[in-house]
Amino acid sequence: MTTHLQPSIEQPRSASRFRALCASLVQWLDSDFAPEGAEAARRQPDKIDWLRCVPFIVLHVGCFGVVLTGWSVTALAVAAGLYFIRMFAVTGIYHRYFSHKTYRTSRAGQFFLALWGGTAVQRGPLWWAYHHRHHHQHSDDSEDVHSPHVHGFWWSHIGWITSRRNFPTDYNTVRDLKKFPELVFLNRFDTLVPAAFALAVWSVGWWLEVYFPQLGVTKWQLLVWGFFISTTALFHGTSCINSLAHLMGRRRFFTDDDSRNSFILSIVTLGEGWHNNHHRYPATARQGFYWWEIDITYYLLRVLAWTGLIWELKGVPNSVYVEAAKQGRSD
Ligand SMILES: [Zn+2]
Ligand SMILES: [Zn+2]
C-alpha cells in the first residue's frame with residue numbers, strides 16, 4: 001500500500017515546491033506578483049521566505065568576495081562615499097520625503113529622488129513608505145512588524161524583512177504616492193535601479209582598472225566594495241533605527257512608544273538617531289531639534305533646498321520646544 005501511496009503524496013508536494021520556486025523567480029523581478037493575493041499574503045503569520053530572500057542573502061555572501069579581490073584605498077573610499085550618499089537617500093528621501101512629506105519638490109524632482117533612493121537597495125519607495133507609516137501608527141505595539149520589544153532584537157533588525165507577509169506593498173496606505181505611475185513602476189520593478197547601480201559601479205571599476213592601473217583597483221574589487229560591502233553596511237546601519245533606536249539612548253519626550261535619542265546612531269545614520277524627537281514630531285524635515293544634535297541629513301536637505309531641487313522644508317513648531325522645556329529634557 002505504502003509504495004502505491006507515495007507517488008500521489010510526493011507529486012503534489014514537488015509540484016507546489018516548483019510553483020513556489022517559479023513564483024519567487026518572478027517576484028525577484030516583479031515585486032507586485034502575488035499569486036495568492038497581496039492582502040492574503042499580508043494576513044499570513046510570520047514565516048521566513050527563503051526563496052524570496054535569495055537576492056538578500058547573495059548581497060551578504062557577496063561581501064566575502066573580498067577574499068578573492070582584496071582591497072585598495074580607492075575601493076575603500078568609494079565604499080565609504082557610496083554609503084554616505086545612499087544613507088542620505090534612505091534618510092533624506094525614502095524617510096523624510098516619501099514617508100513623511102516633510103518638504104516639497106516637483107514631479108520630475110520626485111522621480112529623480114526615487115531613482116536616487118533606489119540605489120540604496122532597500123526595495124521601492126512605496127514599499128518603504130508603507131512599512132514606515134505603519135511603524136508610526138503602531139510603534140512598539142503588537143501590530144508593529146519590527147519592534148524589538150514585541151519580536152526581539154534580531155527580528156526587528158533583520159528578520160521582519162525576510163517574512164513572507166511583509167513583502168507585498170499595501171498601496172492603500174500610500175495613496176498620495178500611488179497616483180504617480182512612474183513611482184509605482186519603480187516600486188513594482190524594484191530590482192531595476194539596484195541592478196543598474198551595480199553595473200555602474202562595476203563599469204567605473206573597469207574604467208579605473210584600464211586607465212589608472214596605479215590605483216590597484218579592479219572591476220570586481222570595486223563591485224565587492226562599492227556594491228556588496230557598502231550596501232550591506234548601509235542595510236545594517238539603517239536597521240539600527242528599527243532595532244537599537246527603540247532600545248538605546250535617552251527619552252526626551254514621553255511618547256507612547258519606546259523611541260530614544262542616540263548620538264552614536266545619529267552619526268551612523270546621518271541624523272536618524274534622534275528617534276525620540278522624530279516620534280514626537282515626525283512632520284518636520286529635521287530630527288536634531290537643537291543645534292548640538294548633529295543631523296547631517298537636515299544639513300544636506302538645506303543644501304538641496306538652496307539648489308532649488310526641493311523647497312518648503314517643514315520646521316519644528318514652538319509648542320514642541322515648550323513641551324521639551326516643560327519635561328526638563330532639552331539636553
Ligand atoms: Zn521608531
Ligand atoms: Zn519616520
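The model is predicted: local features need pLDDT of at least 70, side-chain atom pairs count only at pLDDT 80 or more, and totals for chains, interfaces and linings use all residues. Residues are numbered from 1 along each chain as its sequence is written, while chains are lettered from A and ligands numbered from 1 in the order in which they are written.

**Helix 5 against helix 7**
- Helix 5 covers residues 73-99 and helix 7 covers residues 125-137. (Helices are DSSP runs of H or I, at least four residues, numbered from the N terminus.)
- The two pack at an angle of about 70°, with axes 9 Å apart. (Axes are lines fitted to C-alpha atoms over the stretch in contact, and angles run from 0 to 180 degrees between N-to-C directions.)
- Helix 5 contributes Y94, H95, F98 and S99 to the contact, and helix 7 contributes P125, W128, A129, H132 and R133. (Contact means C-beta atoms, placed from the backbone, within 7 Å.)

**Helix 5 itself**
- Its 27 residues should span 39 Å at 1.5 Å a residue, and the end C-alpha atoms of helix 5 are 36 Å apart, which agrees. (The expected span is 1.5 Å times one less than the number of residues.)
- (Buried means 20 or more other C-beta atoms within 10 Å of a residue's own, exposed 12 or fewer, partly exposed in between; C-beta atoms are placed from the backbone.)

**G81**
- G81 lies in helix 5.
- G81 is exposed, with 12 other C-beta atoms within 10 Å.

Terms used:
Contact = placed C-beta atoms within 7 Å.
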